[in-house]
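The report below takes up selected side-chain contacts, a strand pairing and a helix crossing. Please read it alongside the sequence and the structure.

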Amino acid sequence: MGVTGSTGPVMDRDEVDRALARLGAEHEAIETSLLALQDHAGRRLLEGAELTGVTQERWTSTEASITLLWTYFDAYTDALRTARDIRARRRWSSREDLVELTELLNGESVTVAGSATATANAPTLHGTGNKLSERYSLATLVDRMNELYATSLDMVVAADAVWSALPARIDLLAAELQRTRRLAHSVGVRRGEHPAGDDLERITRTLTKLREEVVSDPLAFWVAAEGSSAPGGGRPDTTVYDREARALEDVRREIDAVLTVRQDAEKRIVRLRDVLSRADRTLAEARTARGEVLAKIAATEVPVVSGPPTALQEQLAVAAEYRRQAQWHRLSPLLESLEEKAEDELLRARESLTAVTAPLAVRAELRGRLDAYKAKVARHGFAEDTLLVERYEKARRMLWSAPCDLRAAEQAVLRYQQAAVELLGGPRVPDQGVPEDDRRGPGA
C-alpha cells in the first residue's frame, strides 16, 4: 500500500474485509459469553441475595464491571456497524473510505461516554483515571472486555460453587443432627447432663451460624487455586463443616454406646454381680485357707487377706438404680469402669488365694517327693535299710504333724533323698545345707 494515514499504512479492501470478518466473529463470541454470564444461575442468585463481607464488596465491583462490559460491548457493536456501513457504500471502496475504515478499525476511534460514572466501582485500565469519556481502539476494547469478563465470571463461578456445595451439605448434616438429638434425648443425653449433649448444642449453634455465613458471604469460604488463571479456579473451603461432621460422628458413637448399654444393661449388671461374687468367695476361701495355714504351718509368713470389695458393691447398687431410672447416659460410663475394676478385683482375689496357700502347696510337694523316693527304693529292695527308714520316718513326722516347720521338713526330705540316691548309686543331690554329721558316710 502506498497510502498512509494517522494510524499508519492505509488498509486495502482485502485487509478491511478480513478485519471485518475477524471482528464480526469476535463480536459474536463476546455476545454469546455476555448472554451466558447474564443468565448464569450464580449471577441471578447474587442479584437477589443479601450479601455481607468480602462477597458484598466483590459483587458491588462485579456488578459495575458487568454494566461496563455491556457499555463497552454496545460501543464495540456501534463501531463495527459503522465500519460495515462504510464498507457497504460501494463495491470498490474509495481511498477516503479506506482511510476512514483504517482509522475506525485500527485507531482509537471508539468513544465510551460517561465512563467515569460507569467505572465508579469497576477496575480501570492503568493510567486512564476517572475521565468523562474514554477512547479505545477496537483491539484494546476487546482486551478490556476480556479482562472484565474473566474477573466477573471468576467471582460469579466461585460464589455459585460455594452455594452449590456447602448449604446442601450443611442441611443434610443438620438433618442428621436433629435425628441424633432426638435419639440422644430418648436415652437421657441432654445438655448439662452429659458431655455429648453439650457437644450437640455446640454443633447446632455452629452449623446454624455456618449456614448463615455461607449464604450471605460465600466467597469467605472459597479457596482459590494457586497458579490457576481460569475463572472459578479453586474449591469451597469445607474446614468448619468437616470438623463439625467429625464431631457429630463422635457424638453418634457415644449415643450408640449408650444405646448398647440400654439394650444389654441387665446382662452386664448380672455378669458384674457374678464376677464380684466370685471375687468375694475367693477372698473368703483365702481367709479360711490362711487360718488353716497358720494352724498347720509353723515359722512362715502368711500374707493378710483383705476384706470383700464393698466399694464396688456400692457402685454396682448405684448402677442398678441408674438402670431402674433409665439414666442410660450415667449408666454407660459407670458400667465400663465397673467391668474393668471387677475383673481386677477377681484377679487380685485369686492372687491372694495363691499367695496364702503357697505353704500348703510346698508341703504337698514335699510329701509327694518323699513318697516317690520311698517307692523307688522299695522297687530296688532297699525298703528295710535302717538309715533310709530312720530318715523317712523323721521326714514323715515333720510333714504330717501340725504345725509343720517347712524349712526343717524340707531339709529332712533332702537328707532322705540324698541317702536314697547314694544307696542306689545315682548322682548326688545338690547340697541344700544338710548338716555334715547327718550325711551317710562310707561305713554307714
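## Charges over a ring

R396 lies over the face of W400, at 5.0 Å from the ring centre, and R367 lies over the face of W400 as well, at 4.5 Å from the ring centre; a charge sits over a ring if NZ of Lys or CZ of Arg is within 6 Å of the ring centre and within 35 degrees of the ring normal.

This is a predicted model, in which local features need pLDDT of at least 70 and side-chain atom pairs count only at pLDDT 80 or more, while totals for chains, interfaces and linings use all residues. Residues are numbered from 1 along each chain as its sequence is written, and side-chain values use heavy atoms, with hydrogens and water left out.

Strands (E, at least two residues) and helices (H or I, at least four) are DSSP runs, numbered from the N terminus.

β3 and β4 run antiparallel and are joined by four bridges, where pairing requires that DSSP finds at least two bridges between two strands. The bridge partner of T111 in β4 is R135.

Y136, in strand β4 (residues 133-136), is 64 residues apart from Y72 in helix α3 (residues 53-87). Y72 and Y136 are both buried.

Methods: Buried means under 20% relative accessible area, exposed over 50%, partly exposed in between (1.4 Å probe, protein chains only).
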